[in-house]
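Please examine the model shown below before reading on. The paragraphs after it are meant to be read with the structure in view.

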Amino acid sequence: MVFAITPSPHASVPVQGGKPFPVRRIYCVGRNYAAHAREMGHDPDREPPFFFMKPADAVTYDGGAIPYPPATNDLHHEIELVVALAKGGADIPEARALDHVFGYTVGLDMTRRDLQAEAKSKGRPWDTGKGFDHSAPIGALHTVADVGHPTDARIHLEVNGEMRQDGNINQMIWNVPETIAYLSGLFHLRPGDLIYTGTPEGVAAVVPGDRLEGAVEGIATLSISYEASS
Ligand code: MN
């Protein structure tokens, strides 16, 4: 198709041993680990899953130095298991949900915590806190054929070599099939959708020049650094 202007490039994520995965939407689960819900001042036992989105082109691939975002003094890391969908659907039953998965990787739900806190206090949307440019660093995807469907794996993040977050994906309040089933009751999911499944405890701030190295062990790794301030 010929457009009125040159379209921006389609967002994509590398696939280990395969062609790139085209990203349609990025869904994120909030407060999906009890200890993180508590550190943010909430009771994890009383909440159904809730979701927010990042724009597709917020994905930033593993490896390079990325710009430190503007308008924040409190940029937080949240290391998360990421699910990539090969097939879409609405009202997907939990028992069939894993049939829709293309693969898995590890990602960072980077958060301008100061802007998110202001939005929460004023009852405003979270977009400026969560959906900014480069807010979704991500590792290479690994297919289900390669890694299966992980349910018990250590997830961790080091900043400048110091351990900041160290949990296990078996601590998720809503597991992957439950999350897909619930989300598909709210949105018609499509091929190319990514789901960031929430973060364990230990979220904290990063500053320009920091190096972040994360992993879901046995599944994927991620390494980024923030450009030093000039
Ligand atoms: Mn998160």
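The model is a predicted one, in which local features need pLDDT of at least 70 and side-chain atom pairs count only at pLDDT 80 or more, while totals for chains, interfaces and linings use all residues. Residues are numbered from 1 along each chain as its sequence is written, and side-chain values use heavy atoms, with hydrogens and water left out.

Glu 78 lies in the loop between E7 and E8, and Asp 109 in the loop between strand E9 (101-108) and strand E10 (111-112), so the pair ties together parts that are 31 residues apart in sequence. Helices (H or I, at least four residues) and strands (E, at least two) are DSSP runs, numbered from the N terminus. Glu 78 and Asp 109 are both buried, where buried means under 20% relative accessible area, exposed over 50%, and partly exposed in between (1.4 Å probe, protein chains only).

His 77 is found in the loop between strand E7 (75-76) and strand E8 (79-85). This residue counts as buried because its relative accessibility is 0%. Among the residues that His 77 touches are Asp 109, Gln 165 and Leu 212, contact being defined as heavy atoms within 4.5 Å.

Which residues touch the most other members of the largest nonpolar core? They are Ile 180 and Leu 212, in a core of 38 residues. A nonpolar core is a set of buried Ala, Val, Leu, Ile, Met, Phe, Trp, Tyr and Cys residues joined through side-chain atoms within 4.5 Å. A second, separate core has 20 residues, including Val 82 and Trp 126.

In helix H2 (residues 113-122), Arg 113, Leu 115, Gln 116 and Ala 119 are buried. Seen down the axis of H2, the buried residues fall within an arc of 160°, so they line one face of the helix; the arc is that of the directions from the helix axis to the C-beta atoms. These buried residues pack against helix H1 (34-39), E7, E10 and helix H3 (127-130). After H2 comes Gly 123, with a positive phi near 65°.

Terms used. Lists of a residue's contacts leave out its neighbours within four places in sequence.
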